[in-house]
Amino acid sequence: TGVQTCALPILQDKSKAFQLLQQAAQLGNSVAMFNLGVCYKRGESVPQNKIKVIELYQQAADLDSADT
């Protein structure tokens with residue numbers, strides 16, 4: 001995924017959308033991990049956190065590379 005968009009605008013309730021992304025990421029969904037990283041990068045529904053961005057992007061990349 002080369003597009004950096006936080007998935008939060010899909011749902012009207014952004015806090016619920018963020019919770020769903022967190023749940024999917026905890027279940028090992030690399031796309032959700034990437035989208036959470038974008039949320040932390042942009043400060044959407046959470047304070048900006050560069051460390052969390054790097055962690056989430058790395059986890060997503062590790063999962064994707066393990067699939068190949």
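Buried means under 20% relative accessible area, exposed over 50%, and partly exposed in between, with a 1.4 Å probe and protein chains only. This is a predicted model, in which local features need pLDDT of at least 70, side-chain atom pairs count only at pLDDT 80 or more, and totals for chains, interfaces and linings use all residues. Residues are numbered from 1 along each chain as its sequence is written, and side-chain values use heavy atoms, with hydrogens and water left out.

Start with the salt bridge (a side-chain nitrogen of Lys or Arg within 4 Å of a carboxyl oxygen of Asp or Glu). The whole structure has one. Select arginine 42 and glutamate 44: their side chains form a salt bridge at 3.7 Å, N to O. Glutamate 44 is partly exposed because its relative accessibility is 22%; arginine 42, at 41%, is also partly exposed.

Next, select serine 45, in the loop between H2 and H3 (helices are DSSP runs of H or I, at least four residues; strands are runs of E, at least two; both are numbered from the N terminus). Serine 45 is not a glycine, yet has a positive phi of about 70°. Its relative accessibility is 43%, so serine 45 counts as partly exposed.

Finish on leucine 36. Leaving out residues up to four places away in sequence, leucine 36 touches Phe18, Leu21, Gln22, Ala25 and Leu56, where contact means heavy atoms within 4.5 Å.
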